[in-house]
Amino acid sequence: MKIPASFRTLFLSLLFLGSTAPTPAVAEPTSLSLEKIMSQPTWIGQWPEDVQFAPGGATLMYQRHAAARGMEIVETDRKGKTIQVHNTSDLPGPASRINGSTVYSWQGDLFLANPTRHRLTRTSAIESAPRWLAPNLFTFQVGDDLMVENLTNHSRSQIATFRSTDPDSKEKSFVEKQQDRLFPVLQEREKFEEAQENVANIPELTLPEGQRIVRAELRPDQRYLLAIHEPESEAKRDQMPVYNSRDGYVKTEDLRVKVGDSPASNQQLRLFDLKSVTHRPMDYSGLPTWTEDRSIRVEDLSWSKRGGRLALMLLSQDYEDRWLVEVDFENAKLRLIEHLHDPAWHSWDLNEFGWTEDGKTFWYQSEKTGYAHLYLWDGTASRALTKGDFEVSAIHPTPDGKRFFFRANRERPSQYNIFQVDSSGTTNMVTKLGGIGSFDLSPDGNELVFLHSTIDHPPEMYLQKALTGASVEKISQFTSSEFEEIDWTVPQVVSIPSTHQPRPIPAKLYLPDSPTPQGAPAVVFVHGAGYLQNSDERWSYYFREFMFHTLLNQLGVIVLDMDYRASAGYGREWRTAIYRQMGTPELEDLQDGVAYLSSKHGVDPKRVGVYGGSYGGFLTLMALFKKPDLFACGAALRPVTDWAQYEHEYTARILNTPQDDPEAYLASSPIEFAQGLSKPLLMAHGMLDDNVVAQDTVRLSQRLIQLEKQDWEVALYPIEPHGFIEASSWLDEYRRILKLFRTNLDF
């Protein structure tokens, strides 16, 4: 923790008191301003957001903010020295390894590393999902086509082509039957022409009418192909107008489908025998709790490196059931590994799984105890490798399958380290720095690369042997001296007593250096995403807000940043507390936060403001509308104002659909409570926001106009998406926020 500037000045004065030498001038602390805070973040330093070993293991790759705007990929050696900056924002995709050779896709092309990288393709087509079938033989996908590449003889072949209609499954009309009966020569000619067109003798695999291929998976012996397919979507998509286009004309862009507008896509499995060119549908009838009226999709899949075993993760489209199954190719059946049920919903994450190197043991992640942990399945039974009131994530098995590395907050919810566990369940802490973010295990299983940060310092890159107690080597220095010289407030991680449920509420508390007088003002920041952890001991996604909170501290304002119920990192019960009631338990937690500020830190409860973006903007509106006496004012940035207008994948998990559960939407949407607004409100929204569209703020504005509400305003940003890009937009937005707080909290 940094020494406060005021204490440093006093210390230096006392140190030189009575000295005959001239007293040296004490440098003033670097001044802090909104202009500096909201400028392009490269002034802080181009820190990494994510890091991994390059697929071949010879180099390191990380993602960072580009100097102008956007993201880029940097490749370095093991000392952190830059080798190349790649003009792309994406790290290489999942790699497939065999006998020291790695094949992977990146930027739509295929690469081979052993360990030096070689480009295999440079095409306009998107080649994806490469996987070794045998040494020097791998499969990959180009659109709907499944290909096989032979590196020994440099040949490439297409395994099959898919047709979206099955003529044998359609009932022929009277005229069609008559034509076949009276003029068989026409049918014979048609078959002859089709055979001539298919000179390569590529099997045509037929799907039911109106179906499209989602993914095709080839067994290593090339005998069987599993096709995952679903109905073609005809759902109506939302549109976003682009008012400030380069040619000066208004354009529109298609966006996602609104919640409930698209029927749940029921993905089907069809097993093709490529030898006999026959196929069999695979049904879900043996799955526990499954009924024919429930739709299912394949969330992910994993092949074993040996033995040709394929596991699928299936998710019900009401998000309550997840099944892990193994494909029985010979019998065209699914073998159940694990059934996971959640009466609320299954999360987007915490669902990792795969096979050990020998293909005999299956590992997976489950929240069935209330916290995400690691389990092993040996073909007959499952057992837990980790347990306790903490979350296990980012699981990396070693190449020999005898150990697993993972990230966990075992010591306390706010602190993350890397751990390893062996097949007996013996767990050891590998890093002791805390603040561990992204990490990766080298392809040979001998090294770890990871990002370590603190609340007031962006991530740096570290290397360490994959052993408990091994020495740690820092291989980067990204942060600028200008940033280092500023005396940032390091917030305390605190636990706030709850009057609504048994567990305390985790939070970060920003206190000014100088004691605040009784009746001081305060601001409550509400993080976005809902399911996100922000009260931890790492550099925050909300780094601008972190700096803004230091500025507020310098102005005598206390700041509280809470991990309200719904936040990540605290187990399943905390995550699902908002089921069918978004904006209710979170608002209770904000109430307890304000009471804590008043009772413990002398804050005047009538001088507390609130702000947040996205989900934080939604909660700001809910607070001002439903509890109008809780906050003196609020800034809702890019807020969701009506959950019936948001996208399906996120909203349907938590609130079901508007058609099936309208009560949940009426109870959870701010626009339904706008009558309660009585305090000043600022709304800010980017007009190119394709996540929470600006229509949300426009609709709420019309509602407030009809209700004849006063003291509210809207700031629109014509060229900004959900997360602003231009520094001038950030500055304008936060000038408005600061003005709102200074005016209404009186500081």
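How many aromatic pairs does the count come to? By the ring rule used here, the count comes to 47 aromatic pairs, where rings of Phe, Tyr and Trp (its six-membered ring) pair if their centres lie within 6.5 Å, with planes under 30 degrees apart called stacked, over 60 edge-to-face and the rest tilted.

A quick note on the ground rules: this is a predicted model, where local features need pLDDT of at least 70 and side-chain atom pairs count only at pLDDT 80 or more, while totals for chains, interfaces and linings use all residues. Residues are numbered from 1 along each chain as its sequence is written, and side-chain values use heavy atoms, with hydrogens and water left out.

**View 1. Tyrosine 646 and tyrosine 650 form an edge-to-face aromatic pair.** The ring centres sit 5.7 Å from each other, and the planes make 85 degrees. Tyrosine 646 is buried at a relative accessible area of 10%, and tyrosine 650 is buried at 13%; buried means under 20% relative accessible area, exposed over 50%, and partly exposed in between (1.4 Å probe, protein chains only). Elsewhere, one aromatic cluster takes in residues including Phe525, Tyr541, Trp730 and Phe741.

**View 2. Two charged side chains sit over rings.** Arginine 407 lies over the face of tyrosine 416, at 4.3 Å from the ring centre. In the other case, the charged end of lysine 626 is over the ring of phenylalanine 673, 5.0 Å from its centre. To qualify, NZ of Lys or CZ of Arg has to be within 6 Å of the ring centre and within 35 degrees of the ring normal.

**View 3. Helix H8 covers residues 585-601.** Helices here are DSSP runs of H or I with at least four residues, strands are E runs of at least two, and both are numbered from the N terminus. H8 has 17 residues and reaches 24 Å from its first C-alpha to its last, close to the 24 Å expected at 1.5 Å a residue; the expected span is 1.5 Å times one less than the number of residues. Among the buried residues of H8 are Pro585, Leu587, Leu590, Val594, Tyr596 and Leu597.

**View 4. Four strands form an open antiparallel sheet in the order S24-S25-S26-S27.** At the edges are strand S24 (353-355) and strand S27 (382-384), each pairing on one side only. Neighbouring strands of this sheet are turned by 25 degrees against each other on average, direction ignored; the axes behind that are lines fitted to C-alpha atoms, and angles run from 0 to 180 degrees between N-to-C directions. S24 and strand S25 (residues 362-366) run antiparallel and are joined by three bridges, where pairing takes at least two DSSP bridges between two strands. Tryptophan 355 stands opposite phenylalanine 362 in S25.

**View 5. Leucine 324 lies in strand S22 (residues 321-328).** Leucine 324 is buried, with a relative accessible area of 0%. Leaving aside residues up to four places away in sequence, leucine 324 touches several others, including Leu312, Arg335, Ile337, Phe353 and Phe362; contact means heavy atoms within 4.5 Å.

**View 6. Arginine 156 belongs to strand S12 (residues 155-163).** Is arginine 156 buried or partly exposed? Arginine 156 counts as partly exposed, at 40% relative accessibility. Not counting residues up to four places away in sequence, arginine 156 touches Thr121, Glu127, Phe140, Met147, Val148 and Glu149. Strand S11 (residues 145-150) pairs with S12 in the antiparallel sense over five bridges, and asparagine 150 stands opposite serine 155. The S11 and S12 hairpin has four residues between the strands, and histidine 154 takes a positive phi near 55 degrees there. With strand S13 (residues 204-206), S12 pairs in the parallel sense over three bridges, which puts threonine 161 opposite glutamate 204.

**View 7. Side chains alternate along strand S16 (residues 239-242).** S16 pairs with strand S17 (residues 251-254) in the antiparallel sense over four bridges, with methionine 240 opposite glutamate 253.
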